[in-house]
Amino acid sequence: MSALHARIDRVRIDGRDLISDVTLDVPAARWTAIVGPNGAGKSTLLRAVAGLQKCDGAVLLAGRPLHDWPSRERARQLAWMGQQETGADDLLALDVVLLGRLPHRPWLAPPTAADHAAAQAAMQSTQSWDWRERRLGSLSGGERQRVLLARALAVDAPLTLMDEPLAHLDPPHQAEWMALVRARVAAGHSVVSVLHELHLALQADHLVLMADGRIVHTGAPADTATHDALRRVFGPRLHIAQLDGRWIALPL
Ligand SMILES: Nc1ncnc2c1ncn2[C@@H]1O[C@H](COP(=O)(O)OP(=O)(O)OP(=O)(O)O)[C@@H](O)[C@H]1O
């Protein structure tokens with residue numbers, strides 16, 4: 001079964017169709033990367049399938065319509081990491097990560113020892129535990145990103161959607177992020193990430209390529225058809241080659 005299946009006829013904002021005729025199938029226990037040029041509609045699609053953006057269409061989460069899920073259950077099933085999220089700047093980093101545990105406890109109940117343990121494990125896995133007592137707004141872009149990643153991981157949801165999770169991360173932490181994703185997928189979880197880093201997207205299990213509000217190709221990152229589609233969308237200067245057995249893409 002798919003972790004998520006979406007048929008989106010359109011997303012219309014201010015009289016403009018930002019997404020048209022999209023079918024997105026997210027395989028279970030796999031890492032799916034969504035790529036495409038600026039303005040292609042990647043974030044809009046991710047927000048629509050997460051239920052954060054109104055759309056014409058239907059989204060099935062683990063086979064059940066998204067809007068049929070009781071909200072707390074849905075929040076345990078689907079974790080979200082958005083792009084440039086604001087609003088929690090005054091909170092301590094640890095409290096931000098503990099927000100990820102909210103769906104696991106009754107309304108207004110204080111965090112349990114298990115919640116604290118999950119938050120600590122998540123922060124240690126993103127190397128953000130050291131600044132647990134610092135306010136989110138005082139952190140650098142990359143430090144902040146690692147706290148927000150820890151919050152998404154602390155949910156421990158079967159499906160995690162991440163919009164540009166690598167923004168601001170230095171190369172070692174990009175590699176760490178990929179190892180975290182791999183570990184989650186090995187444990188049976190599903191991950192969808194919108195990425196601009198094509199060299200990392202090519203390490204995913206499944207690639208979704210968008211352009212002009214549509215999905216123009218889906219396939220395995222190693223497939224020649226996927227490479228041809230990437231060059232069609234990003235231009236012939238995109239050089240795709242193998243390095244140490246992995247596919248990389250460079251604009252040359
Ligand atoms: N709230 C909005 N109101 C009007 N237009 C919007 C809104 N949100 C997005 N758009 C437009 O929809 C199009 C798709 O935006 P979206 O953010 O989904 O693209 P993207 O592929 O994620 O881009 P990027 O790679 O630059 O982040 C863009 O042209 C954008 O300007």
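**Close-up 1. Helix α1 against the sheet.** α1 lies across β1, β2 and β4 (56-61). Helix α1 runs at about 65° to β2. Contact here means C-beta atoms, placed from the backbone, within 7 Å. Axes are lines fitted to C-alpha atoms, for helices over the stretch in contact, and angles run from 0 to 180 degrees between N-to-C directions. Helices (H or I, at least four residues) and strands (E, at least two) are DSSP runs, numbered from the N terminus. This is a predicted model: local features need pLDDT of at least 70, side-chain atom pairs count only at pLDDT 80 or more, and totals for chains, interfaces and linings use all residues. Residues are numbered from 1 along each chain as its sequence is written.

**Close-up 2. The open sheet.** Four strands are ordered β2-β1-β4-β5, with antiparallel pairing. Strand β1 (residues 2-13) is joined to β2 by 10 bridges; pairing takes at least two DSSP bridges. Arg12 stands opposite Asp17 in β2.

**Close-up 3. The ligand shell.** Around the ligand are Ile13, Asp14, Leu18, Gly36, Asn38, Gly39, Ala40, Gly41, Lys42, Ser43 and Thr44 (C-beta atom, placed from the backbone, within 6 Å). Helix α1 (residues 42-49) supplies the largest share, three residues.

**Close-up 4. Helix α4 on helix α5.** α4 (residues 113-125) and α5 (residues 141-155) pack at about 135°, axes 8 Å apart. Ala118, Ala119, Ala122, Met123 and Ser125 of α4 meet Ala150, Leu153 and Ala154 of α5.

Note on methods:
Two residues are in contact if their C-beta atoms, placed from the backbone, lie within 7 Å.
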